[in-house]
Amino acid sequence: MSALEEVVIGERAAGDGSLSRIDEIIASRFACREFSGDPVPRQTIEQILGVARFAPSGANIQPWYVHVLAGATKEKVSAALLRAHEEERSEHVSEYRYYASDLPEPYLDRRQEFGRLFYGSLGIAQTDIEARGRQTARNYAFFGAPVGLIVTIDRRLEVGSWLDLGMFIQNVLLAAAGRGLHSCPQETFAKYHRILRPLLPIPAEQMVVCGISIGRAKVETRERLMPRADVDAFATFAGFEV
């Protein structure tokens, strides 16, 4: 069953068969890892960021910064990142921890399921470290996308501002989808902040959070690979009469 079909069934079960355009965009969005390379105009990216900036943020401090890369600049950055990944990956580490070192359930099981499903879909055994490394390397070429974003945040800010940044990033992904584009948010760029800093350049007070690839998917339609928990697995309701 597709994500859209799940949403439609949920709406009908609630007695409301309507499905808004934003529902469709959210439910059909996926992390694209194979782009066609067709160009995306600067104006389109400016429009996407122009909409994304309306994300909520505490006290309206707007704690996001974006480096937008295309053409020769993007290729130069990709080449430097690929060299680092191939020759010295063990020497690089992110400035923040994305995952807890000891994941409790159900999160550990979900992460393990991701590995099985993702690498299984590519025909890569989870024990094949070399093949997994080659797949990871494709991140640094932005999966062939014509536009790459590097997102940073001021390191002097607290965790609440990271919540705000997450909402901004989600807005970027949805605004891109609303224009018929696909995207892939990529935490792995944070690992190579020492490579990125002099190339863009990124000031010392800014921390690299992630990258985002934006373009048109090579294959336009596909089923969602990763399952999502049902609403009753993560939400409780109280005080409703019906």
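1. Which strands does helix 3 (residues 42-52) lie across? Helix 3 lies across strand 1, strand 2 and strand 4, and runs at about 165 degrees to strand 1; angles run from 0 to 180 degrees between N-to-C directions, with axes fitted to C-alpha atoms, for helices over the stretch in contact, where contact means heavy atoms within 4.5 Å. Helix 7 (residues 159-177) packs on the sheet as well, touching strand 1, strand 2, strand 3 and strand 4, and its direction makes about 15 degrees with that of strand 4.

2. This is a predicted model, in which local features need pLDDT of at least 70 and side-chain atom pairs count only at pLDDT 80 or more, while totals for chains, interfaces and linings use all residues. Residues are numbered from 1 along each chain as its sequence is written, and side-chain values use heavy atoms, with hydrogens and water left out.

3. Helices (H or I, at least four residues) and strands (E, at least two) are DSSP runs numbered from the N terminus, and two strands pair if DSSP finds at least two bridges between them. The four strands form an open antiparallel sheet in the order 1-2-4-3, with strand 1 and strand 3 (182-186) as the edge strands, each pairing on one side only.

4. Strand 2 pairs with strand 1 (residues 65-70) over six bridges, G148 being the bridge partner of L69, and with strand 4 over eight bridges, where T152 stands opposite V208.

5. Strand 2 (residues 147-154) is largely enclosed by the rest of the structure, because eight of its eight residues are buried, that is, under 20% relative accessible area (1.4 Å probe, protein chains only).

How values were computed: Buried < 20%, exposed > 50% of the residue type's maximum accessible area, 1.4 Å probe, protein only.
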